[in-house]
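User: I have a model open and want to go through some of its contacts. Can you take my questions as they come?

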Amino acid sequence: SGASPRYSTGTGGEGSEGAGLASSESGGSGFSLAAAALPERRRPGGGRPRYEVVRELGAEEVRWFYREDRKTWKPFIGYDSLRIELAYRALGPGEPREGEAAAVEPVCVRSGLYEVDVVNAESYPVYWNQTEKIPVMRGQWFIDGTWQPLEEEESNLIEQEHLNRFRGQQLQESFDMEVSKPVDGKEAIHSLKLSRNHVDWHSVDEVYLYSDATTSKIARTVTQKLGFSKASSSGTRLHRGYVEEATLEDKPPQTSHIVFVVHGIGQKMDQGRIIKNTAMMRDTARKIEEKYFSNLATHVEFLPVEWRSKLTLDGDTVDSITPDKVRGLRDMLNSSAMDIMYYTSPLYRDELVKGLQQELNRLYTLFCSRNPEFEEKGGKVSIVSHSLGCVITYDIMTGWNPVRLYEQLLQKEEEELEDRWMSYEEQRLLEELYITKQRLREIEERLHGLKASTISKPPVLKFKVENFFCMGSPLAVFLALRGIRPGNSGSQDHILPRTICNRLLNIFHPTDPVAYRLEPLILKHYSNISPVQIHWYNTANPLPYEHMKPSFLNPTKEPTSVTDSESVSTVPSPTTSPVMVRRHYGESITNIGKASILGAASIGKGLGGMLFSRFGRSSTTTPQTLETGKDGAEGGDDKKATTVGTPPLPHSSSGFLEPTVELEHRIDFELREGLVESRYWSAVTSHTAYWSSLDIALFLLTFMCKHDQEDTDKSNLDTI
């Protein structure tokens, strides 16, 4: 708070600033030169710099703002604001002429995700389409306390009046930014009438804004008769120049890891939803990044991949055959679940695959063209896919196609045919068929050499995928229906080769009805092993995921059995979602007050034994299996189990698997359930609740910053 007048020291000043601005006219590359040429400004004791006379605002004193979704104005960071202001001043005074807009290059802002058109005072995204432009505003005068800018038209009038009246005037020697002096008893030395307000100057550095509405005038009259001053009763103090000066040092770090966020079904029903979801994921990741990964060089950027809106598919054929009764429900199903039917259709499947593949390659090419040092410095790419998007992304990476499956079936039939006894005539026909097929392949190859092939080839990505995160994914069901069966290698290569993708991770909420596990498709007995529990984002000193030992879901039942799931046992054992003290599920599904959490946790002994064993995720859970720590319960994955009988799996007496039958890397990771979370309600909401989860944000960054952490000896997350 406090006033912020502008003075001139006589050194640097107008001349050096003008030289800096002249260098900015060459375009974006000139901004750094211009900023470097600005006079150095220091704040004595952290306050404002002191000048002797009022002068025009410097480029670093102006602050630009943007407003999204009709919310409050948000300031650009200093690096962005300074470059926008220099581009604005490069236009010169007066209204821009026709064609001048093309001469001024747009300014890249907000970590390169947006550009600002200074002429039209609007911002727009670089990597995705957005119907509504984001307005930007130049702030010169600001409201005390909130530091929100006055509307630009009023601000310009006040600034012009201020310079006309006070330019070159001497100001008091002692000036403290933090001290706001009372103006009681002081008469206004100057006043300016605006359309709905008026401004009074009580001194050069004491400026107040008053509303001219009738109610405000009445209130002002009453309070003044009671002995209160006009300023203290109804005035709003204004400050000239922003609270912080813009500097080039206030810039975002270089992006070293990009994440493509792929949507699933329902995008047609709610166009632009993936952009909002990605924004939520980006915001939560920023919070986690600032809190836990600020000392690392890795900076992760999230880019939405909107592939559905560009597809034509059947046009409006499905809509035309939809009955009118309960039309709203039918339209919702047509816009969501119909995407699954499109993908299983041999007619439209390729269109969906090509749509996503082309959008991924377009975004990567565009990003590299705007960030040429990304590939040079070994930048990495990960993909986060949701729902059906996981299946399409998987098929793009592996090049899977139903035609290949059909060819495999034909080959299998031929092999079975050759194994059985055949007559001479059958053998002769088979040999003739074999020769004909060989001849057909030769003709096709020659044809491919003469002209471009009309047969669709497996789509290829222009980048190597470092991590493939599946959220709420039905991929396991699709793979099972394609004939994928468990092996005995324990390697991810069984379903996704490491040469294609370095790491596959399957994230799901335990009540998500669309999500399925992948690990049992690699090793069958993992169907009876609990997924890895994802840490709460505010857990103190969590155990690194690679150090968590696999534990049995229910040691008393067969690994592949689906019966006796409700059998009651008093034997404690680890479960997929042990009942624990709940803090937050990523601020997305369940928000429970701290008092209610502690109150529920205090039931743990006594009534808790009966309550939890009845309503817990597993009927075999008892309060004795819980481990309560400083910040709440954190056990479950590394708790030991007592087994009854001998489970038909190699295991040690502790209930953990022997290392010889473990997966190379765990793939299934499960979010924790809330203590009082309704299973039926969360089954409805959980499939779309991944985007704003702080738990997931920490999980993603933990794996994407893994190598950087190891390089800086931070693999155990000491900062947490």
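**Helix H10 and onward**

Analyst: Asn334 has a relative accessibility of 12%, so Asn334 counts as buried (buried is under 20% relative accessible area, exposed over 50%, partly exposed in between, with a 1.4 Å probe and protein chains only). This is a predicted model, in which local features need pLDDT of at least 70, side-chain atom pairs count only at pLDDT 80 or more, and totals for chains, interfaces and linings use all residues. Residues are numbered from 1 along each chain as its sequence is written, and side-chain values use heavy atoms, with hydrogens and water left out.

User: Where is the place of Asn334?

Analyst: Asn334 is in helix H10. Helices (H or I, at least four residues) and strands (E, at least two) are DSSP runs, numbered from the N terminus. The C-alpha atom of Asn334 is separated by 7.7 Å from that of Val318, 16 residues apart along the chain.

User: Switching topic. How many residues of helix H21 are buried?

Analyst: 11 of the 11, so H21 (residues 694-704) is largely enclosed by the rest of the structure. Among the buried residues are Asp695, Phe699, Thr702 and Phe703.

User: What does Ser693 do at the start of H21?

Analyst: A side-chain oxygen of Ser693 comes to within 3.3 Å of the backbone nitrogen of Asp695.

User: How many aromatic pairs are there?

Analyst: The search of the whole structure gives 21. Rings of Phe, Tyr and Trp (its six-membered ring) pair if their centres lie within 6.5 Å; planes under 30 degrees apart count as stacked, over 60 as edge-to-face and the rest as tilted. Phe166 and Trp201 make a tilted pair, 6.2 Å centre to centre with 40 degrees between the planes. Phe166 is in helix H5 (residues 152-166) and Trp201 in strand E9 (residues 197-203), so this pair ties together parts 35 residues apart in sequence.

User: Which residues form the aromatic cluster?

Analyst: Phe469, Tyr545, Phe669, Phe699 and Phe703 form one cluster.

User: Which charges sit over rings?

Analyst: Arg110 lies over the face of Tyr114, 4.0 Å from the ring centre, and the charged end of Arg482 is over the ring of Trp400, 3.6 Å from its centre. The rule is NZ of Lys or CZ of Arg within 6 Å of the ring centre and within 35 degrees of the ring normal.

User: Now salt bridges. What is the count?

Analyst: It comes to 25, where a salt bridge is a side-chain nitrogen of Lys or Arg within 4 Å of a carboxyl oxygen of Asp or Glu. In one of them, Arg167 and Glu56 have their closest N and O atoms 3.7 Å apart. That pair links distant parts of the chain, 111 residues apart. Arg167 is partly exposed at 45% relative accessibility, and Glu56 is partly exposed at 37%.

User: What about Asp395 and Arg349?

Analyst: Their salt bridge has its closest N and O atoms 3.1 Å apart. Asp395 lies in helix H14 (residues 388-398) and Arg349 in helix H12 (residues 349-370), so the pair ties together parts 46 residues apart in sequence. Both Asp395 and Arg349 are buried.

User: Which residues are linked in a network?

Analyst: Arg282, Arg286, Glu289 and Glu301 are linked by salt bridges in a network.

How values were computed. A polar contact is a pair of N or O atoms within 3.5 Å; within protein, one must be able to donate a hydrogen and the other to accept it, and residues adjacent in sequence count only if both atoms are side-chain atoms.
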